[in-house]
Amino acid sequence: KTPSPPPPAVSFVGLRTKQKEFSPEDLDNDFKYQNLFEVLFSPELHLLSAMFEVMAEDAAGDRLLAAVLRLIDRSARTEVIIKACVEMEVANTLDAPTMFRRSNMSLRILRMHLAKVGSQFLEDSLRAVIFRLKDEVDRKRASGCTMEIDPTLMTEQDNLQSNVKDLVFFCGCLLDEIRQKVSAGLGNNITAIFMQLRTLSEARFPNSGLGVVAGLLIHRFLAPAIVEPHLFGLTDIAPDPTLERALKLVATVLKALASNEEFPRDSPMSAMNTFISTNHRVMQQLLKTASSGKDDSWDHSDPKKVEVLPKDVPDLLRLVVNKMEIIERHAYLQEQQHEELRGSFLRLRAAVADLTYSASYSSGVGSRYGAAPMAPLPYETDEGAWDEQGQGGGGGKLETAAWNSAAEAALNEGHQFENTLGGEGRYDAPVAMNEGMIPASAQDEVYM
């Protein structure tokens, strides 16, 4: 199939030379990266939020999120971004009990940040108890027993009263360890997060501060580490099904205690209600300690000492370039309430164009936000030059935007924009990047 004509934006370039691969030191020496980070990691979070709409919630998405957080650290914007995420979560919540229940951008960033900066706290407070619990589960298993307290799941050798007693013991051990380590100090940065969260929550939802702190500290930080300790570096391997069930029981009791909610009388877990009512004040004091400090100041480390992996920037650019149109659509919806997004998105396109030479978004192609600035086009299309005769001086070939037969199938769902370069007629704006397609030759420039 003969591809449709490209937008009339063209540029005459000579032969290309292969650029050196990206290295983390480039972040300190090339202002283009700072331009990108300044617009993408702005405290308003508009564009970052739009980017998260296309970031999958799977292992690959988590790796990309970790790369984004490293780049935020390297650009010395961690405090600003984290505090903005807390503000966004509180502002976008209609009811205090539902806070941190949605897996949105602010929660994903906060969870991964806490897991990173709180890794030592998790090891100090959880690791020893988890290994003691594992030893007890192994001992019981040798005699055909478990720690199950649901009669429908117990073995013939299980004793309900004994299992309840064991579960109460380990829940108490875990609570004591967490309380002691919180009293010793979570660190200024983590404490500042919970202080801000408690203050903002109380201002919007009176008497909700400690409950909201419990939602982030217990439900979203500690409980996942208890249930899946191998994902947080607390164990070398995943727990077996019997140990996993015991860990889930402990985490369930801890979350109920943090929420001050007893189990229904007809629930097998109701046997733990006495433990919950007895330790309610202990948990409330723990939450107060975690969210109290002299001030909300952060400890700042040298950004240049933050380890950035060679793939971090290329992976971020791949996401932005591949999904540029989707990000733009999400940003456009927000722009109805935030007029400043118009300029921010144009700056994002220009910053990405500087780094990737993505002609589709730097050659004047129309969009909801108008035309991006003209920029050199460093690669040809897969179909070859559109002008078979070639044009321009100095032997340069006529090169066009990223446009191939695969791209044509992903055109802009019928959206058309005015020719922004002054010619007559209309043309379809290329949005092939929506489908994750980058011309092979472009990858040589972006080093994906």
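Trainee: What makes up the accessible surface of the protein?

Mentor: The accessible surface is about 21600 Å², and carbon and sulfur atoms hold 50% of it. Such areas come from the Shrake-Rupley method with a 1.4 Å probe, and for residues only the protein chains shown count as cover. This is a predicted model, in which local features need pLDDT of at least 70, side-chain atom pairs count only at pLDDT 80 or more, and totals for chains, interfaces and linings use all residues. Residues are numbered from 1 along each chain as its sequence is written, and side-chain values use heavy atoms, leaving out hydrogens and water.

Trainee: How do you know what confidence the predictor has in the protein?

Mentor: On the pLDDT scale, the predictor's confidence in each residue from 0 to 100, the mean is 75, and 69% of the residues reach 70 or more. Over residues 358-448, however, the pLDDT is below 50.

Trainee: Why are residues such as Phe-170 of H8 called buried?

Mentor: Buried means under 20% relative accessible area, exposed over 50%, and partly exposed in between (1.4 Å probe, protein chains only). Phe-170 is among the buried residues of H8, as are Leu-167 and Cys-171. Of the 448 residues of the protein, 51% count as buried.

Trainee: What span is expected of helix H8 (residues 160-184)?

Mentor: The expected span is 1.5 Å times one less than the number of residues. For the 25 residues of H8 that gives 36 Å, and the helix reaches 36 Å from its first C-alpha to its last, close to expectation.

Notes:
Contact means heavy atoms within 4.5 Å. Helices (H or I, at least four residues) and strands (E, at least two) are DSSP runs, numbered from the N terminus.
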